[in-house]
Amino acid sequence: MSFEIVIGIDVSKLTLDIAVVTQDAEIENFKIENKPVSIKKFFEKLSKNLSLENVLICAEHTGHYCYPLRKVCLEKGYSLWLEGGAEIKLRSGVTRYKNDKVDALRIADYAKRHQDKANIQKDEDYILESVKSLSSEREVFIKERAKYKMHVKDLKGFMDDNLYKARSKRLKKQIDSLTKLIKEIDSQIKSLLESSEKLTNQKDILTSVDGVGEQVAIQTIIATSAFSKFKSGRKFACHAGVAPFAFESGTSQRSRRKVSYRANMDLKKLFHMAALSAIKMKGEFRDYFERKVAEGKNKMTVINAVRAKIINRIFALIRDNRRHEKNYIMNLV
């Protein structure tokens with residue numbers, strides 16, 4: 001779909017800087033509060049002069065600060081595209097100065113030039129943002145719980161017994177409390193995913209693959225925006241730090257193959273654990289691992305290959321909309 005009018009929005013905690021670019025390249029700038037009421041009033045006023053049906057609204061994705069804008073756009077059916085700041089910056093050329101007003105115009109210019117790549121927000125995206133927020137909170141609690149568990153284990157035998165017992169009792173109360181909170185978050189995430197038939201189906205497909213557990217499935221769905229963000233397993237493997245590349249220039253510069261520094265290392269860790277689980281389970285991934293190691297391949301290189309194969313398998317199953325069948329034989333080369 002081609003949009004006649006583009007709106008670029010620079011999102012901050014308190015305000016939205018807005019640049020409206022018409023079909024004739026006329027520019028209007030606005031600044032409003034980052035609140036649903038203010039956003040609704042702005043679009044109502046704008047709709048008196050423009051038809052918002054053929055308007056593309058593009059904003060830099062700034063996490064939870066985008067919530068009011070996303071909420072209003074989904075309610076009203078406006079075409080909202082939330083794009084990563086790094087992508088906008090890399091495609092905006094050399095910049096010599098910066099302020100919010102200019103940033104809004106740069107976002108509008110980016111959206112106008114690349115509107116064929118626009119990923120319009122849907123109801124599933126709203127659910128995914130909620131799941132992502134809960135997942136981040138869950139990660140904080142898991143790290144805190146691990147810290148307390150380490151203290152309980154580390155202090156044993158290295159302090160007075162009575163003091164240790166008293167401290168251990170207090171720490172275990174914290175651990176139990178955090179465990180309860182984690183379970184509550186897991187239940188909430190499950191309910192959110194079950195509210196969408198599409199997301200529930202995707203999670204079932206992912207968890208049918210050897211080594212892919214609930215958390216790997218959820219984080220993959222979040223990272224891929226329900227498999228709308230990446231067109232192939234190869235591209236997602238690059239994002240997850242699984243696909244290495246050679247860095248060469250001319251005849252003198254050579255480097256070993258390595259992943260990009262922009263790779264998502266959290267996803268890489270998750271798929272590493274998935275690969276380790278997969279090669280412990282009886283099946284094609286373990287057979288592949290054992291065969292390649294027997295041929296003299298480096299174990300870590302083979303594990304990385306298993307990670308890539310799991311990712312490609314996931315994308316193939318999502319494409320075909322089917323669960324993995326263990327008796328469905330595929331040749332791994």
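**Ground rules.** I am working from a predicted model, where local features need pLDDT of at least 70, side-chain atom pairs count only at pLDDT 80 or more, and totals for chains, interfaces and linings use all residues. Residues are numbered from 1 along each chain as its sequence is written, and side-chain values use heavy atoms, with hydrogens and water left out.

**Sheet.** I started with the strand order and found an open sheet of 5 strands, β3-β2-β1-β4-β5, with mixed pairing. Strands pair here if DSSP finds at least two bridges between them; strands are DSSP runs of E with at least two residues, helices are runs of H or I with at least four, and both are numbered from the N terminus. β3 (27–33) and β5 each have a single partner strand, so one side of each edge strand lacks a neighbour in the sheet. Neighbouring strands are turned by 20° against each other on average, direction ignored. (Axes are lines fitted to C-alpha atoms, for helices over the stretch in contact, and angles run from 0 to 180 degrees between N-to-C directions.)

I followed β2 (residues 15–21) along β3 and found antiparallel pairing over 7 bridges. L16 sits opposite I32 of β3. Helix α1 (residues 36–46) packs on the sheet, touching β1 (5–11), β2, β3 and β4, and its direction makes about 150° with that of β3. Helix α4 (residues 100–113) also packs on the sheet, touching β1, β2, β3, β4 and β5, at about 140° to the direction of β1. Contact means heavy atoms within 4.5 Å.

Is β5 buried or exposed? I found 5 of the 5 residues in β5 (residues 79–83) buried, meaning under 20% relative accessible area with a 1.4 Å probe, protein chains only. S79, W81 and E83 point one way, L80 and L82 the other. Strand β4 (residues 55–60) runs parallel to β5, joined by 5 bridges, and I57 has L80 as its bridge partner.

**Helix pair.** Last, I looked up α10 (residues 265–280) and α11 (residues 284–294), whose axes come within 6 Å and cross at roughly 90°. A278, I279 and K280 of α10 meet F285, R286 and F289 of α11. I sorted these contact residues into 4 nonpolar, no polar and 2 charged; Ala, Val, Leu, Ile, Met, Phe, Trp, Tyr, Cys and Pro count as nonpolar, Asp, Glu, Lys and Arg as charged, and the others, Gly among them, as polar.

How values were computed
Buried means under 20% relative accessible area, exposed over 50%, partly exposed in between (1.4 Å probe, protein chains only).
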